[in-house]
Amino acid sequence: MLDKNQIAQRIAKELKDGYYVNLGIGIPTLVANYIPDYMNVVLQSENGLLGMGPFPFEGEEDPDLINAGKQTITTVPGSSFFDSAMSFGMIRAGRVDLTVLGAMEVSEKGDIANWKIPGKMVKGMGGAMDLVASARNIIVAMMHTNPKGESKLLTQCSLPLTGTRCVKKIVTELAVLDITNNGFKLLERAPGVSVEEIKSKTAGKLIIEGDIPEMKFG
């Protein structure tokens, strides 16, 4: 199985030169650490920053530089700061090429639930609903099962939805999957993880075609 950093490293392989990318809270923020030096990718933070860099080394943190999840960050040459209205204007205008989000549930149709568990206190829905409605491509970084061992890849989400039919790809500690019109399509499996294990932990429809290769890193 992959750890959170390896999930982020695999997602970084989906980036393309010239992309404007928004990274959600949690595992997605780690993607910033794995962008190749030769690639020109601009990271957008919804609290008002274009040009976010990797996390700072211990002792080099600047408390005035944070991402939307209130984690300390770095900036890159040419970065710019602006207010929240400008930030969401960029998002709603469809200027973000790729959004990477965490999720509590994803359905086989590409619905995502990632903002609220009924009965639990939440500070607010944040910017995820704008992102899923406006981004050109959405990849979800998540764990395949919840702490009880129950699948988070479902036929239909049971939690309040953030967006419908918007997720394109999912990367978990077990697998890489595409969302298709017919369900989750298994593309890759984590090193040492069997197809049978992925099947047993996927509640939604899983499409398996041919031999499924292991993910490659480096």
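**Exercise 1.** With which residue does Lys 201 form a salt bridge, and how far apart are the closest N and O atoms?

*Solution.* The model used here is predicted.
Step 1. The partner of Lys 201 is Glu 197.
Step 2. Between the two residues, the closest N and O atoms are 2.9 Å apart.
Step 3. Buried means under 20% relative accessible area and exposed means over 50%, with partly exposed in between. Lys 201, at 25%, therefore counts as partly exposed. Glu 197 has a relative accessible area of 22%, so this residue is partly exposed as well.

**Exercise 2.** Determine which parts of the chain are tied together by the salt bridge of Glu 14.

*Solution.* 
Step 1. Glu 14 pairs with Lys 169, and their closest N and O atoms lie 3.2 Å apart.
Step 2. Glu 14 is found in the loop between helix H1 (4-12) and strand S1 (20-23), whereas Lys 169 belongs to strand S10 (residues 169-171); the pair therefore ties together parts that are 155 residues apart in sequence.
Step 3. The relative accessibility of Lys 169 is 15%, so Lys 169 counts as buried.
Step 4. Both residues also belong to a network of salt bridges that links Arg 10, Glu 14, Lys 169, Asp 178 and Glu 188.

**Exercise 3.** Describe the salt bridge between Glu 214 and Arg 189.

*Solution.* 
Step 1. The N to O distance of this salt bridge is 3.4 Å.
Step 2. Glu 214 lies in the segment after strand S13 (206-207) and Arg 189 in strand S12 (residues 183-189); the pair links distant parts of the chain, 25 residues apart.
Step 3. Glu 214 is partly exposed at 33% relative accessibility, and Arg 189 is partly exposed at 21%.
Step 4. For the structure, the count of salt bridges comes to nine.

**Exercise 4.** Which strand gives the most residues to the lining of the second largest pocket?

*Solution.* 
Step 1. The second largest pocket has a volume of about 320 Å³, and 21 residues line it.
Step 2. Strands S2 (42-45), S3 (49-52) and S4 (75-81) each supply at least two of the lining residues.
Step 3. S4 gives the most, with five residues.
Step 4. By class, the lining has 13 nonpolar, seven polar and one charged residues.

**Exercise 5.** How many charged residues line the largest cavity?

*Solution.* 
Step 1. The largest cavity holds about 50 Å³ of space.
Step 2. Its lining includes Leu 23, Met 52, Phe 55 and Asn 67.
Step 3. Sorted by class, the lining has six nonpolar, three polar and no charged residues.

How values were computed:
Residues numbered from 1 in each chain as written. Predicted model: local features only at pLDDT ≥ 70, side-chain atom pairs only at ≥ 80, totals over all residues. Heavy atoms only, no water. 1 Å grid on protein atoms, 1.4 Å probe; cavity = no way out; pocket = protein on both sides within 12 Å on 5 of 7 lines; lining within 4 Å. Points joined across faces, edges and corners; volume = space filled by probe spheres on them. Helix = DSSP H or I, 4+ residues; strand = E, 2+ residues; numbered from the N terminus. Nonpolar A, V, L, I, M, F, W, Y, C, P; charged D, E, K, R; others polar. Salt bridge = Lys/Arg side-chain N within 4 Å of Asp/Glu carboxyl O. Buried < 20%, exposed > 50% of the residue type's maximum accessible area, 1.4 Å probe, protein only.
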